[in-house]
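Below is a short note for a colleague who has not looked at this structure before. Please read the points with the display open.

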Amino acid sequence: MKRKITFLLVFLLTWGMFSFAQEHIIKGVVKDKQGVPLPGVSVKIKGTNKGVSTGMDGDYRISAAPNSTLVFTSIGFVEQEQKAGTRTEINVTLSDDARQLDEVVVIGYGTATKKDVTGAVSSVRATRLENENPQSVADILKGNIAGLSVSLNTSAKGGGDLLVRGKTTLSAGTAPLIVLDGVIYNGQLSDINPNDIEAVDVLKDASSLAVFGAKAATGVVAITTKKGRGETPTITINTNFGLAALAKNQRVYDGPGFLNWRADVMRSGASTPSYLYNNPNDLPAGVTMEQWLNGKAGDPTDIWLDRLGLLANEKANYYAGKTENWYDRIFRTGMRQDHTLSMGGKKNEVSYYMSLGYQKNENLIEGGEFSTFRARVNLEGQAAKFLTVGMNLQYADRDEGAIEAAWNQLVNLSPYGDMYNADGTLRRIPTDDNGLNARNPFLDMTYNDALNRQNTLFGSLFAKAKLPFGITYQFNFSPGIDMYRTFEYKSSRNPNVTTPGGSVTRANETRYNWQIDNLLKWNKTFAKIHTVDVTLLANAEKYQTWWTQAGNEGFVPSDLLGYHNVASGTKATVNSEDKVYTGDALMARVNYSLLQRYNLTLSVRQDGYSVFGVNSKTATFPAAAVAWTFTEESFMKSFDWLNYGKLRLSYGINGNRDLRNPDNGTVDPYAALTQLDIGKYQTVNGSGAASEVNTVNINNRLSNANLKWEQTASFNAGLDFSVLHDRIGGSVDFYTKKTNDLLVRQTLTNVTGYANVYSNLAEVSNKGFELNLNSRNINSGKIKWNTDLNLFLNRNKINRLATPNDDPGNGWFIGRDIDVIWDYKVLGVWQENEMDEAAKFTKGSIKPGDFKLQDVDGNYVYDDNDKQFLGYKSPRFTWALRNEFNIFKNFDFSFQLLSNWGQKKQYNQAKNQPGSVGFARMSSYIQPYWTAENPINDYARLNSGTSGTSFNVYRDNSFIRLNTIALAYTVPQGLIDKIKVKNAKIYMNVNNAALYAPTWNYWDPQNDGPTPRYYTLGLNVSL
């Protein structure tokens, strides 16, 4: 009996275990956070090799036991696990993984996984920043890429200049090359809608840049726009409104403060008794009215206002108790709005993405605004089994014609001045001082008119064909056309316009460019361990502009039609200029990988460019790089804390052809040539009538048949790593660069008959360090927290100039930084007890309150021998820290800190010396100044002297900026499914939220003027 019971128990247990292990079919759909199905997602049984991939609709079907775990993985998304249990359907939503998204990067004429990249490439996913509502490409990049500096642009247009790994040139352009969807882009970044951007990759070292050869020494910014995916069309609406408010007030004096300040102005440096400038109704103790009158007769208040320099209308306004708040009239809270509607999807063999956007921004300054319409169509379809065709088109209509109030007039305007005349028209000069520099800041925006409209169209038409033996051929044709209208009308009704009858200029410019790329690619794996990837390129390009300008003045009978009626003037002018340049290139690149741990990249490119001299039309740019993924070695497997490690080394030569005319900042296609100038002179013909005769003469620039590219040879050593179960990852890069044959416009002596010549005469070297760290501080539970940190420093040095001597006029010194500061050292302020020592200086009359300069050679004469190297205008190092939090799944919060540290900037405001006009005829920002009663040592007296020489004051303008704060709420899916909404998010953010600048006391340390703080509230909905 016992045996039967034992047998029965064993049978039951065995049957139970068998039943539990019995596999069953599980199916489901995998989507992203927007509800778009994800094809190609790996679905594996944990701990086994068994797995499937999702289909085009994101669907999958797999057999699994109840006790197994399904693992869902896809590049760019957070890995997710699901217990199988007895479920027969498991639908999964994958979240974006910012770190993994960087694994696929643009390397130039193609893409590669991060593990296979041998060069220094940094990436940022634009969708990661969508809660911060970036207004431009510059906003996406700012603080997110080590080695990339983004300047501050406070205009309504926004944006900012980009600089990769410091300056490598003295006079040529420093902006990086822009590559848009794989083709070179010559347009403006403001024409690219940030809402259309998928990712931005920054290529920094010679190996990654070499495929762009002559254009790449200043770095490459590769922008990839969104493509359609998912069979169901996804409509996305991103709309937001915002405010632009002053981040810092730099106030000028109000009425009473102005009078007190003007009294100190009159006392400063004067030999008359100081009490003469006191209000007669509030005299110092011991001073009588008779003493104060000092022999004057009349009304004491009137005498006092005269002594302070107030004129008739200022005095009348004082008596009437009337003041004008120019500051609050000029500055305002600007309104901002940005709306983008897009639709994307993929149906059978066709993928599509299209968008339409409108942006309108008001500036902080009355009258200032910028608006643009932007549209994009990305279309790709399989025309045949072997052929894919497509196009990426972008259109923009920019309006930059707004006329701002002249805010820089603030320091010229008396609070007792008048904005209007008695008849209600704007007053030309707010006071009765006709010799003063002051002008009513609203004249131009009220009476004048301007049209600055740009229409741009850029496209890339491509075809990809599969050829035998695994070879693919791709043809790209990338045309761009820009149409500019720049009209200006100066009205005769404007009291500040001195031309009788008004004046008009009307310029039209068309810029047309095209690129043709022929690409052959071959990728093959041999014996499962050798992978070879070959890319061959043949490129041609052309850029052409047509500019025509018509002008006239003295319009009869009236100029009311402005630039709409140019012909009715009496003094017509006409001008035109057409430019053209061409280029071509051949390039070859080979990537080789062994065992997916040893990587080699070799490339060479030959460029031709019509701008350079007849003897130097072509140049060759080679590069090589190696990488070793050492964590794939067997002897590294015992290091459990080290998950990934790769060493990179690269060396190569890149070029810079961006030669620009320093007079107007435009490309000069004829820089190597001597040109003819066309002119006119007046004469009288035989009948006595006046006429004009055309003249032609050789201009003042000497030709140079040997003019050629700048060439930058650079070496990069890098380490990519991930440790502690991928909790901490990042990269470290060290680099050195040497740029030869720098393009400069050299000044010639008069005896040559020419003024200048473009030449290759100098050499500059750079070296630097980059660190990027990212950590997953908390990656489980209801709160998740990620941190990114990047640190960058760069040092450059001028090795050689046009002559063996320094060039102080341009601030260039051999062996020194390009941005070094060479000037007199300010020791402080001369005090009253130091006048005996000050009297020993023979040049100029030094008074108490003037800045004291260091006399290095002790001869009591200030000259160049006393100037010193005081610091640098560029930061000694920069860093950025970004923190991201996901709270209870639905809330996302982030903030970013940016810092430039160790640089100095001109702060001549501390001299309290406005120039020849003097403070006695103007106003001022409220700031400290030296007086006998307040003998400070860091600000000079009012109307201070120059100590017998010209000098600049420099102050440290290091800062830490709270660049962004963003908060977003994702509406729970259960609430929006009923209304057929895939995703809905409400977000708010603050840009330039706060600033710490310990030693800078004037406006913003990056901007000598009003700087905005932006507040935004927006909604992002996917249907």
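**Notes on the predicted model**

1. Helix α7 itself spans residues 300-307, and its buried residues are T301, I303, W304, L305 and R307. Just after α7 comes G309, which takes a positive phi of about 90°.

2. Some overall figures give the setting. The protein has 1023 residues, of which 48% are buried. Its secondary structure consists of twelve helices and 47 strands. Along the principal axes, the C-alpha atoms fill a box of roughly 140 × 80 × 65 Å. The accessible surface comes to about 47300 Å², and carbon and sulfur atoms account for 56% of that surface.

3. Strand β5 (residues 69-73) has a neighbour on each of two pairings. Strand β2 (residues 42-45) is joined to β5 by four bridges, and the two run antiparallel. Strand β6 (residues 80-83) also pairs with β5 in the antiparallel sense, over four bridges. Is β5 enclosed or open? Four of its five residues are buried, so β5 is largely enclosed by the rest of the structure.

4. Another group of strands makes an open sheet. Five strands take part, in the order β10-β15-β16-β13-β14, and the pairing is mixed. The edges are held by β10 (121-125) and β14 (183-185); each has a single partner strand, so one side of each lacks a neighbour in the sheet. From one strand to the next, the twist averages 25°. The partner of β10 is β15 (residues 197-203), with five bridges between the two antiparallel strands. Within this pairing, S123 has D201 in β15 as its bridge partner.

5. A nonpolar patch lies on the surface. Its members are V590, L600, L602, V626, L649, Y651 and F715, and together they have about 560 Å² of accessible area. Which strands supply at least two residues each? They are β27 (598-609) and β29 (642-656). V626, another member of the patch, sits in strand β28 (residues 618-628). V626 counts as partly exposed because its relative accessibility is 37%, which lies between the limits of 20% for buried and 50% for exposed.

6. The last point concerns K767, a residue of strand β35 (residues 756-778). Its relative accessible area is 52%, so K767 is exposed; the cut-off for that term is over 50%. Leaving aside residues up to four places away in sequence, K767 touches Y735, T736, L793, N794 and R795. As for G28, how far is K767 from it in sequence and in space? The two are 739 residues apart in sequence, and their C-alpha atoms are 53 Å apart.

Terms used:
Residues are numbered from 1 along each chain as its sequence is written. This is a predicted model: local features need pLDDT of at least 70, side-chain atom pairs count only at pLDDT 80 or more; totals for chains, interfaces and linings use all residues. Side-chain values use heavy atoms; hydrogens and water are left out. Patches are made of residues with over 30% relative accessible area and no salt bridge: like charges are joined within 9 Å, nonpolar side chains (Val, Leu, Ile, Met, Phe, Trp, Tyr) within 5 Å. Accessible areas come from the Shrake-Rupley method with a 1.4 Å probe; for residues, only the protein chains shown count as cover. A salt bridge is a side-chain nitrogen of Lys or Arg within 4 Å of a carboxyl oxygen of Asp or Glu. Buried means under 20% relative accessible area, exposed over 50%, partly exposed in between (1.4 Å probe, protein chains only). Two strands pair if DSSP finds at least two bridges between them. Axes are lines fitted to C-alpha atoms, for helices over the stretch in contact, and angles run from 0 to 180 degrees between N-to-C directions. Contact means heavy atoms within 4.5 Å.
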